Structures are given as C-alpha cells and as structure tokens.
Amino acid sequence: MRIVDRCGGLPLALTVLAHHAAGRPALRLTEVAAELEDQRRRLDLLSGDDPAFSVRAAFSRSYRDLPSDASAAFRLIGRLPGRSVHIAAFAAAAELDVAAATRSLNRLVRQHLVSEPRPGVYMMHDVLRFYAAELADLHGDDGRAVRRLFDHYLASAVRADRLITPNRYQVADAAAADASTGVAHVDAEAARSWMRAELPVLLALFQVDDPALDIYIWQLAYTLRGYFYLARELDAWLQTHQVALRSALRLGDQRAEALTRNNLGMVLTAVRRFDEAVDEHHQAHALFEAIGEFRGMSDCLANIGALLSRQERYEEALLYQQDALRYYLDAGLSRNSGITLRSMANTYLALGQLDEGVRCAEEALSLALAGEHGLDIAQAGNILGTARERTADHVRAEIALRQALVHAESCGSVREQAKAHWVLGEVALATGRRADAESSFNAAVHLYERAGSSLANSVREIIGSLRDA
C-alpha cells in the first residue's frame, strides 16, 4: 500500500515502477518503497529515457494540451504548500475571481491532473505536484503568488480569531491585514469550522522556509493560538510557535520574539515540559522589560503563576498571579483580570482557602459575563461551580455549572463541557441523586474521550467505585 500511495494510485506510475523493478530482480518491495520515500527523487525514479515508461513524459503530454489559463493554474498548484487548496485561497493566490479560478481548475479535473474530493477543494497528488513545481521553476514563476496566499490566510485567520476569541489582544500588523482579501466568517461557529477545515493547509504554511515570509509566519502563529487554546490543538500550537520563534529571531524583532516565547511557554506548560516553559517565560519577560511593554511583562508573570500552580507550588504561584492582577486592574484590562482571577481561584482552592477561591471565581465570572466571551464564561463558571461544591453550596454550584455548560457548548469547548458534567456529577452524588450522578459522569467520560484527554480514566474510576459500592 505504501508503494501505491507514493505513486498516487496512478496506473502509469505503477506500470513504470514495475518495469524498472523487473530490471532489478534482487530489489525487494520494501526497498522500492523506501526509495520512493525521498520526495525529491520520486519523480526521477518514475521516469527514464524510454518515453513509453516515463511518468514525466506522460505528464508533459497532458500539460501541453492545456490552454494557457489551465497550464498557469497547474504550475501555481505546484508552488502552493499543502496537498489541497480551497478555491477561495487559490483565487487569491492567482489574482483571479472565484469564477475564473474555478474554470481553470475544472479543466485540470477533466484532464485528471487534479481531483476535487469536496466541493470547492482541489487536490493534486505529490508526484504531479513535483512535476508542476518543476514547470513553475522552468517557467520563471516568482514567489508573489505564495505571498498572496499568506495574505489570504492571515486575513482570514485574524477575522476568525476576532469571532472565536473576542477582545483578545491582536498584533498590530495582523489586525491591519488587507480587508480586501480573506474569508469573511458570518459567526463564531463558521470561524471554528473554517479553522478545523483549513488546519492542514495552515500547518503546511509553516513548512515554507523563506525569510521574506517571516513576518507572516510569526503573526499567523500568534493569531492561530486562540483557536489552538480553545480546541486543545497542542501539537499544532507547539509546532507553529517553534517555527515562528525562528522567524522572529531571523527578523531581529524583540516584540515578535517576546510574544512568541510567551505563547510557546504556555503550550510547553500544557504538555508538562515545565523547565522549558519557565525558561521561555523568563526570556519573554526580559524582552518585554527591554522594550518597556508592561502588559507583556504582566502576561509572563501570570503565565509563570499558572505554571507554578501546575507544579503544586501554590504559595509561589499566588505571588506571581497577584502581581499580574495588580497591573491588569490598574490598566483596566478586564479580560486579563478575569483570566488571572480564575487562576487565583484554582490556587486558593488547592491551598484549602475556599472562601477566597469562591470570591476570585465570582469576580472572574462577573468580568467574563460583562465581556460576553463564551469560553471565559464557561471556564469561570466551572471554577465557581467547583468552589461552591467544595463549600457544600450545592444549589448555587449547580446553577454556575449549568451556566458553564451552556456557554461551553455554544463556544465549542469539549473540555469545558466535560468538566461541567464531571462536577455536576459530584454535586448530584453529594445530594443523593445517584442516577443523575452516573449520567453526568458518563457524559464527562464521553466528552473527555472525544477530546483525547486522559481525564476520562479518572472519571471512569469514580463510576467504577460507585458500581462497586
């Protein structure tokens, strides 16, 4: 199957490979497959001096039959990163309207040079893509189309992030992305759907190593972080920010480096690489201090506090969180204040200071409701519900948790839905409603499994202990 996949399932490619393999009888199939792994050599391996057994010669015949617009489209796809492209992105890169772009791509579909697996999404197999890239190099096609593609995706991502994470701080250049390009998302759900659908292409953009695109790379990584946090796309978050850091360093832009390092520290904390995380936050703090950006310094302090709390160093964590909160309150940054108050609520609960935990959670929820950000409301409601459950205030705990569940569902946060169901199960158990408790715990398990979280096992243990009892 590896050989078939590397040949794109193309009958001609498989025939050529069989012809070549017949001339080398000592060669095993595993060795043939290994040779095809090298993308740079694959087209050469499938071509040769005999035109009857050359994939490149066959592609050349099909290419020569194309009209000029379709041949230009074919070469352009060879330039674009990723194995597929949406018609809107292709049109932006080609400087065409969607109708003209569609006509060109449909000609390629009819010639079996491109497939359309979903309406408006076009795909070209790697073997064809390498040939198209060769032609683009020979034709002298420059890199402006790729830059236009980055313009399209950066503008689209900025618009999506404004809906997914309203009131989030935007990097200045990304926020000023050309309003004439990109996708206009109708609402937050459409923005999340676009992010999910385009994520493979968005990640492919970070494989383009071109210093001329460095400003796009770090700004795009920063912009995508809001969705990565919501959807818990930790691998994508880590991957994009490692590339973005290289770009920021190559630019010599201290602010870009500081913002990227701070975000990188957050995901390293999430994947429990604590030593690396604290180093990134300290480096980011020093950079923010050097350029006099107090907000950035406070963000680093808040994130170090969250990291220390994850390490169960609660008293130290609280000092960092309190320092950050003072700045946020003085600067009138209500969303940052609410996020920090949520962290402080968790820290106080871990220290057994339940009244302080409830107070911080109530303030965090109040700020989240004023900001009308669904994920903030869900997270604050869950923490408040947890704090009230710990103080045996079960009625008000359930009110907060139900509120959190509604907002977690509306913003698409599977983990916050799972957390709400888990604590609702604890509340039901504490108030003698065993059937309700089991129902909530089962819902939590299902949602944690969907999110790929190991917390599903913790809830399963609770269900098992209930059944044993």
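A residue counts as buried here when its relative accessible area is under 20%, as exposed when that value is over 50%, and as partly exposed in between, with a 1.4 Å probe and protein chains only. The model on screen is predicted, so local features need pLDDT of at least 70 and side-chain atom pairs count only at pLDDT 80 or more, while totals for chains, interfaces and linings use all residues. Residues are numbered from 1 along each chain as its sequence is written, and side-chain values use heavy atoms, with hydrogens and water left out.

**First stop: Ala270.** Select helix H15, residues 254–270, where Ala270 is found; helices (H or I, at least four residues) and strands (E, at least two) are DSSP runs numbered from the N terminus. Ala270 has 16% relative accessibility and therefore counts as buried. Leaving aside residues up to four places away in sequence, Ala270 touches Arg232, Leu234 and Arg310, where contact means heavy atoms within 4.5 Å.

**Second stop: Ser104.** Move to helix H8, residues 98–110, which holds Ser104. Ser104 is buried because its relative accessibility is 3%, and it touches Asp69, Ala70 and Ala73, again not counting residues up to four places away in sequence.

Show the three strands that form an open antiparallel sheet in the order S1-S3-S2; two strands pair if DSSP finds at least two bridges between them. S1 (84–86) and S2 (115–118) stand at the edges with a single partner strand each, so one side of each has no neighbour in the sheet. From one strand to the next the twist averages 35°. S1 pairs with S3 (residues 121–123) over three bridges in the antiparallel sense, and His86 stands opposite Val121 in S3.

**Last stop: a pocket.** A pocket is an open set of points on a 1 Å grid over the protein atoms alone, where a 1.4 Å probe fits, with protein on both sides within 12 Å along at least five of seven lines, and its lining residues have an atom within 4 Å of a point. The second largest pocket holds about 530 Å³ of space, the volume being that filled by probe spheres set on the points, which are joined across faces, edges and corners. Of its 20 lining residues, Leu80, Pro81, Gly82, Arg129 and Gln207 are the closest to its centre. H9 (126–139) is one of the helices that supply at least two lining residues each, and H9 gives the most, with five.

Key: Axes are lines fitted to C-alpha atoms, for helices over the stretch in contact, and angles run from 0 to 180 degrees between N-to-C directions.
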